[in-house]
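Subject: Handover of a model

Hello,

My notes on what turned up follow below it.

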Amino acid sequence: MSNDFYISSILPYSGIIIKICRAYTDSQEDFEDYYQEVCLQIWRSRDKFRGDSKWSTWIYRLSLNICLTLIKKKKRNRQHHTSDYQIQTEAIEDELTFSDQSLNLLYEAIKQLSEIDRAVILLYLEEKPNKEIADIIGTTPNNIGVRVNRIKERLKKLLDGKIN
């Protein structure tokens, strides 16, 4: 991957890539693997960008799809290798913690959402309009509005017991 491409086309969107990867991983090692894979796939797929949407929308969609694909692969590997090792049921202590405890609690709550709901709320928190979120997720803006309201209610319930 050329430095110029990374600096001009990936680095400006690294914030959302980091947030997406963080929301779908439980350890520093997984986070680094996911982030590296997303950047690699963006570089490999750059010629496939047709300009039908904004570059940022394409980056978000690609990042989400890669993370979801990696999760599915990881689940399949766990099912095939459960006899080789015991699956950890306790949460792995995340080295990606923020200094702000309430932000850490928010990420903990977000990780309890479904994979698609995580994507929706992350994009919402990035202040993306419902139309753009709908384009990325593959649904309608009205559906996104309803989902966001439901997700916010779920997060509120999850956080109420932890913040007080």
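Which residue just after helix 6 takes a positive phi? Glutamate 127 does, at about 65°. Helices here (H or I, at least four residues) and strands (E, at least two) are DSSP runs, numbered from the N terminus.

Ground rules before the rest. This is a predicted model, in which local features need pLDDT of at least 70, side-chain atom pairs count only at pLDDT 80 or more, and totals for chains, interfaces and linings use all residues. Residues are numbered from 1 along each chain as its sequence is written, and side-chain values use heavy atoms, with hydrogens and water left out.

**Overall**

The protein has 8 helices and 0 strands. Along the sequence the pattern is α-α-α-α-α-α-α-α. Of its 164 residues, 39% are buried. Buried means under 20% relative accessible area, exposed over 50%, and partly exposed in between (1.4 Å probe, protein chains only). Take the contacts with a separation of 6 or more: residues 24 or more positions apart account for 67% of them. A contact means heavy atoms within 4.5 Å.

**Helix 6 and its surroundings**

Helix 6 spans residues 115-125. It is largely enclosed by the rest of the structure, because 8 of its 11 residues are buried. The buried residues are Glu115, Asp117, Arg118, Ala119, Val120, Ile121, Leu122 and Leu123.

Its axis comes within 10 Å of that of helix 5 (residues 101-110), and the two cross at roughly 145°. Axes are lines fitted to C-alpha atoms, for helices over the stretch in contact, and angles run from 0 to 180 degrees between N-to-C directions. From helix 5, Leu106, Tyr107 and Ile110 take part; from helix 6, Arg118, Ile121, Leu122 and Leu125 meet them. By class, this contact has 6 nonpolar, no polar and 1 charged residues. Classes run as follows: Ala, Val, Leu, Ile, Met, Phe, Trp, Tyr, Cys and Pro are nonpolar; Asp, Glu, Lys and Arg are charged; the others, Gly among them, are polar. As background, an α-helix has 3.6 residues a turn, so residues three or four places apart point the same way.

Alanine 119 also lies in helix 6. It is buried, with a relative accessible area of 3%. Leaving aside neighbours within four places in sequence, alanine 119 contacts Tyr24, Leu64 and Ile137.

Most residues other than glycine have a negative phi. Glutamate 127 has a positive one although it is not a glycine. Just after helix 7, glycine 138 also takes a positive phi, of about 95°. Within helix 7, Glu132, Ile133, Ala134 and Ile136 are buried.

**Buried polar and charged residues**

Serine 14 is in helix 2 (residues 14-23). It is buried at 14% relative accessible area. Its side chain reaches the backbone oxygen of leucine 11 at 2.9 Å.

Glutamine 28 belongs to helix 3 (residues 28-45). It counts as buried at 19% relative accessibility. Its side chain makes a polar contact with the side chain of glutamate 32 (2.7 Å). A polar contact is a pair of N or O atoms within 3.5 Å; within protein, one must be able to donate a hydrogen and the other to accept it, and residues adjacent in sequence count only if both atoms are side-chain atoms.

Aspartate 30 lies in helix 3 too. At 16% relative accessibility it counts as buried. Not counting residues up to four places away in sequence, aspartate 30 touches Thr25 and Lys74. The C-alpha atoms of aspartate 30 and leucine 70 are 9.8 Å apart, at 40 residues along the chain.

**A pocket**

The second largest pocket has a volume of about 170 Å³. Its lining is Lys48, Phe49, Arg50, Gly51, Asp52, Ser53, Trp58, Arg61, Leu62 and Asn65. These divide into 3 nonpolar, 3 polar and 4 charged. A pocket is found on a 1 Å grid over the protein atoms alone, with a 1.4 Å probe: an open set of points with protein on both sides within 12 Å along at least five of seven lines, where lining residues have an atom within 4 Å of a point. Grid points are joined across faces, edges and corners, and the volume is the space filled by probe spheres set on the points.

Best wishes
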